[in-house]
Structures are given as C-alpha cells and as structure tokens.
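The plan is to look things up one at a time and jot down what I find.

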Amino acid sequence: MTFDKRARRRRLALVIAILIAAHFYIRPWIASRVAPDLLMLAMMLVAIRSRPGVAAVAGFLVGLTADILSPARFGAGALASTIVGYLAAYGRAVFFPDNLVVNAGLFAGGVWLRSLIVLLASGAAANELAGSLLVWVPVQALTTALVGVVVVVFFRDWLAIRLDE
Amino acid sequence: MSRSQGRSLSRSDTVLLVGCLALSVAAMLLPSAWALGFASTVRATALAPVVWLQNNAEQWRTSRLELQVIAAARDSAALAAQTLPGLEAENAELRGLLALKSRTPFGVVAAEVLHQTGPTEGRALLLGAGAGAGVRVGNPVVSPDGLVGLIVSTESRSSVAMTWAHPDFAASVVTEDGSLMGIVAPTPGAGASESLLELRGVPYSDTVPAGARVLTSGLTGVYPKGIPVGRIAGIRREEMGWERVYRLTPFANPGQVRHVLIYLTRETRLDR
C-alpha cells in the first residue's frame, strides 16, 4: 500500500469518526424522526470507496449497531444495510459517484431502500409501508442527502474518489 | 490486475455478501430472549460509549432548550399538588372505613429517550436509565401523557422499552368510570402514522361511548391501576354478534416522547 493511499484511508476514517460522533451527539438535538441518518451516510461513504464485499461487511456492522440500539426486529437492520452497502459499492461500477447530484441520489436512495427492507422484514402492513415510505422516509432520505452533500463538499479533497482504488 | 485476480476478488466479495446475509437472517431467527440478551451485552460493553454520548446530548438538549417548558410543567404540577394532602387524607379515611389495604408504594425513575433513526424505532425505545438506577424487566414506562410501554431489557446505564406500537404489546384496561374492562393491543395492519390501539373483549351487549378515557386496570400485575392509555375513537369491528372491538387513540406517542418515567414496580417475568 502506498503512502498516498494510506493517508487517504486515514482521512476517510477521520471523516467517518466525525460522522459517528455527530450521529450520537449532534443529531439528538434535532427533535424529529426525519433527522438525518449519519450512520447510514458514513456507511455509504465507505461503501462507494470500497470493494462490494467490504461494503457488505460495513453495512452489516452499521445495521447490527442500529438493531442493537433499537431492537424492534432484531436482524432486519443488518440485512437491509448489508444489501444497501453491497449495492452502493457495486453501483460504483455503473455510475461513477464523483458528481454531487449522483452522490445525493445515492445517499437518499440508500436510506429509502434500507427503510423499505427493514419495514418488509419487520412485517409492516401495507398502510404502514405506504405511510412511511411515501411521507417520513423520503424526508429523512432528503435530509441525509443534504448533509451528505455538505460533507462531500466540505471534505472534497479528502473524499475524492480514485479510479485505481 | 490480472483476470484470475479479478475473479478471486469478485468471489471473495460474494462470499462476504453471502456470509453477512446469512448472519442477518440468523439474527432475525434468534428467539427474542437471545436477541435481547445479545443486544443488551453489546450495549453494555462495545456500544456503552455511544449510549453515554447520546444520553449526555439528550440531557444537554433538555437543559438548554426545554428549560422554560419544564419550568411551566413544574409550576402546573406544584399547583395540582396543593390539593393532594387533602385528597390523600380523604382516601386514607375511606380506605379505613372499607377496611381496604393501602396501595403498595413504588419508586419512579426519570429517563431520557435516546431516539434512533430506523423506520420501526417507535416500537422499541432505548432509555437512558438502567439497572444501576433500579430499573428492572417488566417495569411500566409512562410519559406525562400516558402509558408508553414496559421495560424488556436492562443493562447498568440503559434499558429498552417495548412500546404500545410493538405487535407483542397488550395491557389489561378499564374505562374511567370502571364500567367495562378489556384488553388493549396495537391495531393489526395499522402503521405508526395511524397511532391506534384496539380495545378488545368488550361484550356485544355493552357500549363504550366515543371519547371515553381508558386506563390500566392493574389486574395483570404488570401495570399499576389508573395509568391513562387512550381515548375511545369509535367501533372498529363487531365479532359475530358477541364482541365489539373499539378503536383507541393513545395518549402517548412513542415516536415523539423525549422523557419518560419508569415505575419501579416488582420485576415481571416476560414470556417471549
């Protein structure tokens, strides 16, 4: 591993650490169920910079953490985040996420897909699915995408994606 | 990168994906008690710092942003409490006349709700008080509005409450005038946005007027008598002419509640 690559990974780890700290310390100040999901955002940032297998493991760990902190249906979050992480990394081959709009779409799509899978795995009824997926989840996906774009712009030098990775 | 190297990378990716999916499905198939035990252990060890961090953030938020609201609530409570000594004396006198035993007293612990971001978060809440504060499995959880749920898992500094929105929730209730009893449970197929419970087990011959308040009956020994649960919103369905099922609008909203009280009643064994 070159020095440059190692330094880039260290900087990515720092951004992830900041997002995790913000998820547990700053997000609670936003008293709303549509507050951005910064854990999911951190996972997506790792996923689109990793191989699909690594992204699946990152997704699994983030989902398991969510399940442990709110065990309404244990394992559903892990399943959903694994799939989202893998697809985000796999999707990198299809569309190169260097564009801000593509990044925002990825973040929002990831949150929405995660919620869809969690609700399905939790046995949510059709009207709960509709109410959540058409009202609350899209707003949370948008707030997450908005924060994601700010993070990508603020740390653009640190988070620049290299084709050789 | 050579072709064989690329293929092996792709194979390792697939192996990792299948492994993670298998572990996730295995986690979903775990018995509830095992899943809660595992989650509790991880919360008390590896995730203890983040639970502590979020609890601190919630306390800061409360002290900074909600001071005026808390002061107003305290003033209202102080005003209401002024009539309490007279009521208590009258109650004790009447109990004495009827030779009734006095109610078993129990302590109360206040806790912050550490909300998470998942779509099913309203079904189970992480609370910022645990076994260290005397919280035990089966303790009822209430908000200023009414019943929220009960504790299903505890560790030293945090605990998890199953709310009324959880499919496994049920409570024995009675109407405020004491005329009718029944069981409340979440409406099957209703989402958190509908915020509805069902009152079941009411005989067909009896009628509960819309708007009637429903309280816990204290019969099962899990919830003390008199905790407000909700208000009758109307008839949901009639079962073959022998039972009416009523819609109930709950007083407490688990998705929005930020502070709760945990009643330190005796520990209850939960068969899950």
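**Confidence.** I started with chain A, which averages a pLDDT of 88, with 94% of the residues at 70 or above. For the record, pLDDT is the predictor's confidence in each residue, on a scale from 0 to 100. Helices here are DSSP runs of H or I with at least four residues, strands are runs of E with at least two, and both are numbered from the N terminus. Chain B has a mean pLDDT of 85, and 91% of its residues reach 70 or more. For the complex, the predictor gives an ipTM of 0.90 and a pTM of 0.84.

**Ground rules.** This is a predicted model, so local features need pLDDT of at least 70 and side-chain atom pairs count only at pLDDT 80 or more, while totals for chains, interfaces and linings use all residues. Residues are numbered from 1 along each chain as its sequence is written, and chains are lettered from A and ligands numbered from 1 in the order in which they are written.

**Where the chains meet.** How many residues of chain A are in contact with chain B? I got 42 residues of chain A against 44 residues of chain B, where contact means C-beta atoms, placed from the backbone, within 7 Å. On the chain A side, helix 1 (3-25), helix 3 (52-69), helix 4 (76-91), helix 5 (100-121) and helix 6 (126-154) each supply at least two residues. Helix 3 of chain A gives the largest share, ten residues.

**Helix 4 of chain A.** I checked its length: 16 residues reach 22 Å from first C-alpha to last, close to the 22 Å expected (1.5 Å times one less than the number of residues). Helix 4 of chain A is also mostly covered, with 13 of its 16 residues buried. Buried means that 20 or more other C-beta atoms lie within 10 Å of a residue's own; exposed means 12 or fewer, partly exposed is in between, and C-beta atoms are placed from the backbone.

**The open sheet in chain B.** Six strands of chain B line up as 1-12-3-4-5-2, with antiparallel pairing; strands pair if DSSP finds at least two bridges between them. Strand 1 (107-112) and strand 2 (124-127) of chain B are at the edges with a single partner strand each, so one side of each has no neighbour in the sheet. Three bridges join strand 3 (140-142) to strand 4 (147-154) of chain B, and V141(B) sits opposite G149(B).

**Strand 5 of chain B.** Is this strand buried or exposed? Five of the five residues of strand 5 (159-163) of chain B are buried, so it is largely enclosed by the rest of the structure. S159(B), A161(B) and T163(B) point one way, V160(B) and M162(B) the other. A hairpin through four residues connects strand 4 of chain B to strand 5 of chain B, and five bridges join the two. T154(B) has S159(B) as its bridge partner. Strand 2 of chain B is joined to strand 5 of chain B by four bridges, with A124(B) opposite M162(B).

**The barrel.** Last stop: chain B also has a closed barrel of six strands, running 6-7-8-11-10-9 with antiparallel pairing. Four bridges join strand 6 (171-175) to strand 7 (181-186) of chain B, and V174(B) has M181(B) as its bridge partner.

Methods:
Two residues are in contact if their C-beta atoms, placed from the backbone, lie within 7 Å.
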